[in-house]
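Dear colleague,

Please find the structure below, together with the notes I prepared on it.

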Amino acid sequence: MAGEPAYAAAVCAGAAAWLTVGRDQGLARARLLLAGGGAVQTAPRWSWERLRAAVRLRPEWLCLPVGLVLAVLGESMLPLIAGALAVPLVQRRLQARKRMREQEQRAEAVITLCGAVAGELRAGLQPGQALLFAARSTEALGGAESAVLAAARFGGDVPQALRQAAGEPGAGGLAGVAACWRVAVDSGAGLAAGLDRLEAALRAEHEQRQELAAQLAGARSTIGLLAGLPVVGLAMGWALGADPLRVLLHTPAGLGCLVVGGLLETAGLCWAGRIVSRGKEG
């Protein structure tokens, strides 16, 4: 059992080295082609900057070295397998957080767009021109920016294009912009005044979400602290001279405790996360 983690470590290290060398050779070849065969200064293949950049880009892969260290210390393949299984789970969690951040940024961009269009209208521009100028400084339109700007530039159905853009995450406020635009075109009402009221409503909703997130930050910190208590217990056992990893990974009672404790930990995290999600929705 002691040789299996070392063999797995050697395989992982060899695969990482092969991928890194192949990638560096491809980059060097591209630099030579773009430089016309001249002298090109290439960065060293191994550097702490490259390692830190790789970790920042893919933090979920840190589960593998952590599992490998535990596998070597505990002389068992179970931590390495658990680390490999944790990679997609951590990746999904990180992607969900990234989508939430992008959604909040898009919501802020929509608020900025409303104020910018209203300001351009008061400066004397036509609605289509105001939208064209305001959209340059924000990213509220996202992937539908070309369709919306084309409709504004060539006299198309701007409200319909805005409603389609509102289907993207965080861009729901564009549906209100489309409604204000439609009302202004049909009845001749002031578009700037409607956008001002819409901006105020969206900003108040955004501030309410931020205040609720700040109130829930303490609960999230408590959940993270409670989730880390088993690790603290293992560290204390190790400091007292015991060998908790050997007990957990090499005895029937330890394996049973490990399985039951893992299930209870997962259930507790899911339950606490659901409570926090309900509080955020409420």
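In which helix does L70 lie? L70 lies in helix α3. (Helices are DSSP runs of H or I with at least four residues, strands are runs of E with at least two, and both are numbered from the N terminus.)

This is a predicted model, in which local features need pLDDT of at least 70 and side-chain atom pairs count only at pLDDT 80 or more, whereas totals for chains, interfaces and linings use all residues. Residues are numbered from 1 along each chain as its sequence is written, and side-chain values use heavy atoms, with hydrogens and water left out.

Overall architecture

The chain contains 12 helices and 0 strands. Of its 282 residues, 25% are buried (buried means under 20% relative accessible area, exposed over 50%, and partly exposed in between, with a 1.4 Å probe and protein chains only). The accessible surface is about 18,200 Å², and carbon and sulfur atoms contribute 64% of it (Shrake-Rupley method, 1.4 Å probe; for residues, only the protein chains shown count as cover).

L70 is partly exposed, at 34% relative accessibility. Together with V66, V69, L73 and W238, L70 forms a nonpolar patch on the surface with about 450 Å² of accessible area. (Patch residues have over 30% relative accessible area and no salt bridge; nonpolar side chains, namely Val, Leu, Ile, Met, Phe, Trp and Tyr, are joined within 5 Å, and like charges within 9 Å.) Helix α3 gives the most to this patch, with 4 residues.

S76 is placed in the loop between α3 (63–74) and α4 (78–122). S76 is buried, with a relative accessible area of 4%, and a polar atom of its side chain lies 3.3 Å from the backbone nitrogen of L78.

Salt bridges

The structure holds 8 salt bridges (a side-chain nitrogen of Lys or Arg within 4 Å of a carboxyl oxygen of Asp or Glu). One of them joins R246 to E75, with the closest N and O atoms 3.1 Å apart. This pair links distant parts of the chain, 171 residues apart: R246 is in helix α11 (residues 244–250) and E75 in the loop between α3 and α4. E75 and R246 also belong to a network of salt bridges with D243.

R209 and E104 form another salt bridge, at 3.5 Å between the closest N and O atoms. R209 lies in helix α9 (residues 191–227) and E104 in helix α4, so the pair ties together parts 105 residues apart in sequence.

Yours sincerely

Terms used
A polar contact is a pair of N or O atoms within 3.5 Å; within protein, one must be able to donate a hydrogen and the other to accept it, and residues adjacent in sequence count only if both atoms are side-chain atoms.
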